[in-house]
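Trainee: I have a structure to go through. Can we take the salt bridges and a pocket in turn?

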Amino acid sequence: MRNINSSFNNKIVIALILCQGVSFNAFSHSGEDHGGSSVSAPGLPECQIVAAARLFDGINFPQDNMAVLIEGDKIKQVGALTELSGSCANQINLGDATILPGFIESHAHINFQSVSKNAVLEHGITTVQDTGGVLQAQEGGQGTLRLMTVGPIIQAVGGYPLNVFGGGDGGYDKIGIQVASTAEAEKVVTDLVAGGATAIKMALEPGGETGAPWMQPHDGPVPVTPWPMLSQDIANAIVAKAHALGKRVLVHAGENTGFERALNAGVDEFAHIPCGEISEELLQRAVDQGVTFVTTIDTLASCVNTATGKGIHSNTMSLASKGAKFIYGSEIGHDNVPWGINGEELHMILHLTSGESIDFTDVVNVIKAATSKAGEHLGLAPLGTLVPGAPADVIAVKGNPFQKFKLLEYPQLVISGGRTVVNKFINQSSAASIDCFLAWAEGKYPELLSPAGAATVVSGLYSYRYYPKTQTYVGVASADNHVYFMKQADGLLQDEGPLANWLPVSGCQ
């Protein structure tokens with residue numbers, strides 16, 4: 001047995017080093033097909049209750065001593081724990097913590113910058129609008145990042161973004177795609193929507209703004225400005241075609257010429273608050289037209305004209321004074337912002353949009369910009385809220401993030417579509433948690449794990465059990481808190497996903 005146990009331990013070590021865990025769905029929920037080499041996941045808990053000292057439902061002011069009841073992948077009810085406790089035995093009380101909806105990032109470049117989707121999800125962003133890059137259909141939602149793409153940015157021939165970020169003539173797998181006529185533009189919009197784009201983005205950017213990231217060298221020297229820009233007729237055609245197909249239009253526009261052309265075309269959303277100083281007349285017109293602004297203030301913080309002191313900060317304050325609509329965006333993918341919730345972005349939104357004084361309503365509105373307001377604008381409501389029927393995307397942090405935004409960058413609980421991704425409120429690697437899970441697994445899968453009652457072996461960082469009748473192993477690697485399964489006959493180590501997924505299903509959390 002010593003040699004067999006040693007073999008299992010060695011295989012875990014090798015697998016973790018090489019990241020070659022292979023899943024054959026040994027523990028997958030009955031009826032689920034996770035396909036191919038994807039990591040298996042357990043079935044969703046029938047129900048679970050999460051309680052804490054504070055809860056923010058994305059709409060109302062935070063409430064004290066509340067709980068959320070989750071059934072499957074949906075929010076069933078929010079109320080006091082005493083009110084809900086009889087509805088489900090699977091409960092966890094987080095204590096001095098705050099429960100919130102998962103955050104929605106409305107401007108990111110996940111695919112183009114090869115950002116880890118798991119890292120983004122584990123840091124509290126449960127939904128992302130990917131605003132320029134490879135076209136793909138919407139994905140995610142149960143234990144994985146909800147990702148909506150707009151595909152490549154529609155641009156002028158020789159213009160932004162391909163002239164700065166490379167990609168040759170562009171294409172549906174590049175950061176940009178070039179069009180030279182209204183007919184070409186309409187075809188590209190049609191193709192993008194057919195390929196799964198949830199919105200359309202175009203660039204109206206001649207370059208030249210002080211401090212703009214796109215005015216810094218990337219694949220080569222900064223091209224001489226002004227850059228070619230889509231004509232008004234082409235911009236109009238893009239918006240008209242997108243709207244006819246039921247899709248919003250985003251625009252990258254950083255100065256007055258592109259900004260006005262975007263307004264003339266009737267765009268729905270500015271992907272950034274503009275980098276260069278925009279005239280008051282045009283800012284008022286944008287507010288009057290009901291255009292929404294994605295913030296990205298932290299990423300573009302250097303967009304200030306040193307001669308005038310004007311730029312993104314003055315634009316934000318002016319828009320706020322006029323009643324503009326803002327949603328949170330941090331531009332995940334840039335190297336100067338976190339791959340998750342960005343506390344500094346929230347801080348800058350608060351201080352630039354609150355006027356002369358800040359009250360608690362202002363603080364709540366900032367969090368709404370990353371939850372309910374974002375979900376509503378993206379057409380995903382009630383995503384971004386904790387109301388009955390909403391997708392069960394839930395995060396929690398220790399303490400009170402309405403007093404300190406920074407806490408949100410390190411959530412101790414992340415649930416995506418009812419599936420637990422992170423739970424640091426419990427000690428996953430404790431002997432009690434592991435033994436409870438392994439005992440449950442024996443009863444759940446007797447055809448794989450027999451006879452029941454095997455002893456737990458602890459070797460280095462690994463805790464596992466061997467079943468001589470079925471000649472199988474199941475264990476937990478504390479290095480990554482994943483569950484592993486192996487048949488002795490084939491020696492294939494199967495990664496069955498995070499233990500955090502299994503604990504609520506097994507009732508061991």
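Mentor: Start with a cut-off: buried means under 20% relative accessible area, exposed over 50%, and partly exposed in between. Keep in mind that this is a predicted model.

Trainee: Is Asp435 buried, partly exposed or exposed?

Mentor: Its relative accessibility is 31%. That value falls between the 20% and 50% limits. So Asp435 counts as partly exposed.

Trainee: How far apart are the closest N and O atoms of Glu280 and Lys322?

Mentor: Glu280 lies in helix H8, and Lys322 in the loop between helix H9 and E15, so the pair ties together parts 42 residues apart in sequence. Glu280 is partly exposed, at 45%. The closest N and O atoms of this salt bridge are separated by 2.4 Å.

Trainee: Which residue pairs with Lys117 in a salt bridge?

Mentor: Lys117 is in helix H3, and its partner is in the loop between strands E7 and E8, 22 residues apart. The closest N and O atoms are 2.6 Å apart. The partner is Glu139.

Trainee: What is the volume of the second largest pocket?

Mentor: Its lining has seven nonpolar, six polar and four charged residues. The volume is about 400 Å³.

Technical notes. Residues are numbered from 1 along each chain as its sequence is written. This is a predicted model: local features need pLDDT of at least 70, side-chain atom pairs count only at pLDDT 80 or more; totals for chains, interfaces and linings use all residues. Side-chain values use heavy atoms; hydrogens and water are left out. On a 1 Å grid over the protein atoms alone, a cavity is a set of points where a 1.4 Å probe fits but cannot get out, and a pocket is an open set with protein on both sides within 12 Å along at least five of seven lines; lining residues have an atom within 4 Å of a point. Grid points are joined across faces, edges and corners, and a volume is the space filled by probe spheres set on the points. Ala, Val, Leu, Ile, Met, Phe, Trp, Tyr, Cys and Pro count as nonpolar, Asp, Glu, Lys and Arg as charged, and the others, Gly among them, as polar. A salt bridge is a side-chain nitrogen of Lys or Arg within 4 Å of a carboxyl oxygen of Asp or Glu. Helices (H or I, at least four residues) and strands (E, at least two) are DSSP runs, numbered from the N terminus. Buried means under 20% relative accessible area, exposed over 50%, partly exposed in between (1.4 Å probe, protein chains only).
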